[in-house]
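Here are a few notes to read alongside the model. Take them one at a time, and find each place in the structure as you go.

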Amino acid sequence: MTRSVKSVKSPTSTTPVTPARAATPLADRKLLKLARPFIIIIALIVTWQIVVSVTGAPKYMLPAPYDVWLALVQRHAVLLDHAGYTIAETVIGLFAGAALGALAAMPMALFSPIRFWLMPILLVSQAIPFFAIAPLLVLWLGFGMASKIAMAALIIFFPVTVAFFDGLSRTEPGWLDLARTMGTNRWRMLTHIRLPAALPAFASGFRVATAVSPIGAIIGEWVGSSKGLGYLMLHANARVQIDMVFACLLILCAFSITQYFIVDRLLRQLLPWQPDSLAKHD
């Protein structure tokens with residue numbers, strides 16, 4: 001009498017997982033991350049074209065994406081020339097404003113009399129519209145690059161100052177008590193404890209400043225200038241060349257996004273001790 005013998009699998013036997021299958025989700029995520037900018041750009045262009053087609057807006061009110069592309073191609077030499085001027089103003093103003101903000105935050109954090117008198121002045125300065133200051137800067141510094149750099153630096157100054165001051169004033173009290181117990185003077189306490197602990201806050205303020213820095217240069221060029229994207233936009237708008245206005249805006253957006261991501265990557269490399277709890281979920 002024959003018995004049917006069933007093959008019994010060992011409890012420890014498992015189906016082998018190929019490396020390609022295990023790495024597929026991670027590879028797909030990296031591929032999606034690389035394709036994300038192109039997907040967003042294509043989606044925005046398609047939405048833009050749909051709005052133009054549905055509303056039937058004339059070219060002098062809302063040009064189609066193709067019209068803006070033609071303006072970018074046909075006038076690229078003029079656009080790049082003016083864009084270089086605006087980019088130089090923005091970058092110089094960014095670092096000048098950040099340096100001034102850091103220099104203002106440190107004495108406020110270390111000396112209470114300076115904080116007592118300087119903080120109200122900083123708050124009052126933010127109540128003044130920047131459009132009201134821009135003509136004065138042009139009058140004092142002229143129509144050249146200096147007034148636009150000063151305008152960009154003024155816009156950047158306050159967020160950097162507040163963020164850095166907040167970081168300096170929120171140092172872990174236990175670290176400071178330990179330093180005092182060991183006889184550390186105020187200068188070494190600043191350079192070895194307060195500054196490293198406050199640099200992540202400074203980085204956050206610098207990121208905000210990077211995003212808003214082109215605004216100061218453009219405002220200065222609108223008020224009085226003979227060169228730059230703001231100057232080009234103003235004259236193109238007066239001549240109802242709205243495709244040129246959109247071309248300037250696209251260049252300005254591309255520069256702002258590129259500048260932000262470069263600064264963000266550099267700050268992540270320079271501040272390795274800054275925690276990023278969201279990185280593993282991206």
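Two residues are said to be in contact when heavy atoms lie within 4.5 Å. Residues count as buried when their relative accessible area is under 20%, and as exposed when it is over 50%. Keep in mind that this is a predicted model.

1. **The overall layout.** Reading along the sequence gives the pattern α-α-α-α-α-α-α-α-α-α. Of the 282 residues, 34% count as buried. Among contacts with a separation of 6 or more, 73% are between residues 24 or more positions apart.

2. Now look at α5, residues 130-141, which has twelve residues. From the first C-alpha to the last, α5 reaches 16 Å, close to the 16 Å expected at 1.5 Å a residue. Which residues of α5 are buried? They are Ile 133, Ala 134, Leu 137 and Val 138. These residues lie on the same side of α5, because they cover an arc of only 140° around the axis. On the other side of α5, Leu 139 and Trp 140 are exposed. The buried residues of α5 pack against α6 and α8, the latter being residues 186-223.

3. Gly 142 follows α5, and its phi is positive, near 90°. Is Ser 147 buried or exposed? With a relative accessible area of 2%, Ser 147 is buried, because buried means under 20%. If you set aside its neighbours within four places in sequence, Ser 147 is in contact with Leu 137, Val 138, Leu 141 and Gly 142.

4. **Helix α3 with helix α4.** Two packed helices are described by the angle between their axes and the distance between the axes. For α3 and α4 (residues 112-125), the angle is about 135° and the axes are 6 Å apart. That angle makes α3 oblique to α4. From α3, the contact uses Ala 104, Pro 107, Met 108, Ala 109 and Leu 110. From α4, it uses Ser 112, Ile 114, Arg 115, Leu 118, Met 119 and Leu 122. The residues of this contact of α3 with α4 divide into nine nonpolar, one polar and one charged.

5. **Helix α3 with helix α9.** Helix α3 (residues 76-110) also packs with α9 (residues 229-238), at an angle of about 130° and with axes 7 Å apart. These two helices are therefore oblique to each other. Here Val 78, Leu 79, His 82, Ala 83 and Thr 86 of α3 meet Leu 229, Gly 230, Tyr 231 and Leu 232 of α9. How do the residues of the contact of α3 with α9 divide? Six are nonpolar, three are polar and none is charged.

6. Ile 87 counts as partly exposed, at 32% relative accessibility. In sequence, Ile 87 and Leu 252 are 165 residues apart, while in space they are 8.7 Å apart, C-alpha to C-alpha.

7. **Val 240 in a loop.** Finally, find Val 240 in the loop between α9 and α10 (242-270). Its phi is near 60°, a positive value in a residue other than glycine. Val 240 counts as partly exposed, at 47% relative accessibility.

Conventions
Residues are numbered from 1 along each chain as its sequence is written. This is a predicted model: local features need pLDDT of at least 70, side-chain atom pairs count only at pLDDT 80 or more; totals for chains, interfaces and linings use all residues. Side-chain values use heavy atoms; hydrogens and water are left out. Axes are lines fitted to C-alpha atoms, for helices over the stretch in contact, and angles run from 0 to 180 degrees between N-to-C directions. Helices (H or I, at least four residues) and strands (E, at least two) are DSSP runs, numbered from the N terminus. Angles under 35 degrees count as roughly parallel, over 145 as roughly antiparallel, 65 to 115 as roughly perpendicular and the rest as oblique. Ala, Val, Leu, Ile, Met, Phe, Trp, Tyr, Cys and Pro count as nonpolar, Asp, Glu, Lys and Arg as charged, and the others, Gly among them, as polar. Buried means under 20% relative accessible area, exposed over 50%, partly exposed in between (1.4 Å probe, protein chains only). The expected span of a helix is 1.5 Å times one less than its number of residues. The arc is that of the directions from the helix axis to the C-beta atoms.
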